[in-house]
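Thank you all for coming.

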Amino acid sequence: MDIFTKILLLVIFLTKPEKKVETVFYKNLIAGALGGTISRTITAPIDRIKVYRQVTGFKFNSIYALVRYLYREGGVLSFWRGNYVNVLKFATESALKFTLYEEVKQTIKTDKNVKLSNVERFLAASITGALSQTLLYPLDTMKLKMVISKTGEYSSLFQEIKSNFEDGGIRVFYRGYLVNLLGVIPFYGIELSFYEFLKVLYRDYMEDETTVSRLVCAGISTSVAQFTVYPLAIVRARRQAVAADKQVKSLKTMVISIYKKSGIRTFYAGIVPSMLRGVPATAINYVAYEHIRSAFGIQMS
């Protein structure tokens, strides 16, 4: 069964595997989903602070001022606002990321006995990012709109989807998609392939991997990936946050507009909470995923 058939099976929720061949595929899905759920729930408050900072720029003088505002606006639970959308999106994204990555690697492998090169792993990871984000981008848009919404603005996810669809149709859910794709391809490429490169490097010198070594490898790989593509994340967030009934600026116009307001630092607004959330979240995700996979009796190739 090829990779495109498997993607279709996932989308339409046909979850009965053909026992021998499909077992690893579905175990990867489960491990990825559980790892994503655990990591995103733990780091949800930092994620809301990061997204709010991305959208509002330097409206608040400090992270502390933003935290106080969010607490006064909706209490402690406001830091988990939109988390169910976040978990739904990220658990699915995590499941797709690891599963498709393994599948794409096997697809581009010409010799089953020869390990992939770093360039081939980067290519596989980039393809994985493009495929998974195309499927999941509407959830990302809904998560962002929920996170920046005021208390009581949306009564449910269904009401949010219905309201946005009525205002602007299907295009609302893919606003900023091309900008996102420009960032996703190198981000996935760096994060996944660099993580495996660091693991191999560690094994060459220290033999067996440990939980700590995996945490460190994942933390370094996602830090490099985030810093590289973060400016594109700012532009994407601004485009997603535009109301459905308003005219969206062109990419060039928006970049110039953002730069004129606060200079180059605006493109890195929110990077501190982003790194504080992204690094541990990714590290937890990778370690949880690999431990669950090990419990299933399979290892990351």
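Before I give any angle, let me say that an axis here is a line fitted to C-alpha atoms, for helices over the stretch in contact, and that angles run from 0 to 180 degrees between N-to-C directions. Please also keep in mind that this is a predicted model.

With that in hand, look at helix H8, residues 177-206, and H11, whose axes come within 13 Å and cross at roughly 65°. The crossing in which H8 passes H11 is right-handed. On the H8 side the contact is made by Glu191, Leu192, Tyr195 and Lys199, while H11 brings Thr282, Tyr286 and Glu290. Sorted by class, that contact has three nonpolar, one polar and three charged residues.

Now stay with H11 for a moment. At 1.5 Å a residue, the 25 residues of this helix, 271-295, should span 36 Å, and because its end C-alpha atoms are 35 Å apart, the two values agree. Just after H11, Gly297 takes a positive phi of about 90°.

Let me turn to a second pair. How are helix H3 and helix H4 packed? H3, residues 44-56, and H4, residues 63-74, pack at an angle of about 110°, with their axes 11 Å apart, which makes H3 roughly perpendicular to H4. In this contact Arg48, Ile49, Tyr52 and Arg53 of H3 meet Ile63, Leu66, Val67, Tyr69, Leu70 and Glu73 of H4, and the residues divide into seven nonpolar, no polar and three charged.

Methods:
Residues numbered from 1 in each chain as written. Predicted model: local features only at pLDDT ≥ 70, side-chain atom pairs only at ≥ 80, totals over all residues. Heavy atoms only, no water. Helix = DSSP H or I, 4+ residues; strand = E, 2+ residues; numbered from the N terminus. Expected span 1.5 Å × (residues − 1). Parallel < 35°, antiparallel > 145°, perpendicular 65-115°, else oblique. Contact = heavy atoms within 4.5 Å. Nonpolar A, V, L, I, M, F, W, Y, C, P; charged D, E, K, R; others polar. Left-handed = near helix turned anticlockwise from the far one by under 90°.
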